[in-house]
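Biologist: I would like to learn how to read the core and the surface of a model. Please take me through one case.

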Amino acid sequence: TSMKKFFLATLLLMLASSSFSQSFMHGAGLTVVGSTTGQGSNSDIGFGEGFYYFPRFNFVETEALSVSVGVPLVLGISATTGSSSYYDQYGNYYYNDNSSVGFMINAPLIVNLNMGRGSTKDNTKKFGYFVGAGFGYHHGDFLVDATDVYGYSYVKSTSSNVYGPAANAGVRFGVGRKHRNIEVRLSYMKGINENKPHIFGLAGGFNF
């Protein structure tokens, strides 16, 4: 009927108007990253500090919210303490890794639902929040202080490349009259390869 066609056309127009309202936004700040792997005698606990840069593209926008895709990129320095006991590839020696220091990169691809402040460049509410999920990649290069079964200490280099599901959530507080805001972000990634680490992050930054 004519009425059904009218409602269908109106719905398609609303979807099109929101879908084609798009913009690029970004922010930067500082972050703390923690990771845990293994259990018992094969456990490691790591902490790192660094910088993050979060570019995102809003591919759907309305007056109250947006849906975005972005990469919250983290670059930092990490330190690990714990033990990781195992036999080498020849089965001859038993190693005990004591501590390590290194460089890390964390780069998840995240789709976020953004509400309130910071969701779009036109939203000037005082408060906003966001939640999202995606898939992450985490790389680390480390120098390890180790001791073998004979008590001999040495330094070895190692690297890791971990990937797995990722999620984040946070809040935004308005600064000034425009869309600029201060963001507090919590993140989590579960590695599904290598030693399957749990990687947590807490970040604070400025979106402009």
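This is a predicted model: local features need pLDDT of at least 70, side-chain atom pairs count only at pLDDT 80 or more; totals for chains, interfaces and linings use all residues.

Modeller: Residues are numbered from 1 along each chain as its sequence is written, and side-chain values use heavy atoms, with hydrogens and water left out.

Biologist: How many helices and strands does the chain have?

Modeller: Helices (H or I, at least four residues) and strands (E, at least two) are DSSP runs, numbered from the N terminus. Here there are one helix and 11 strands, in the order α-β-β-β-β-β-β-β-β-β-β-β.

Biologist: Which residues form the largest nonpolar core?

Modeller: A nonpolar core is a set of buried Ala, Val, Leu, Ile, Met, Phe, Trp, Tyr and Cys residues joined through side-chain atoms within 4.5 Å. Buried means under 20% relative accessible area, exposed over 50%, and partly exposed in between (1.4 Å probe, protein chains only). The largest core has 11 residues, including Val33, Phe54, Ile110 and Met189. Strand 2 (44-61), strand 9 (153-174) and strand 11 (198-207) each supply at least two residues of this core.

Biologist: What share of the chain is buried?

Modeller: Of the 208 residues, 38% are buried.

Biologist: Is Leu186 buried or exposed?

Modeller: Leu186 lies in strand 10. Leu186 counts as exposed because its relative accessibility is 53%.
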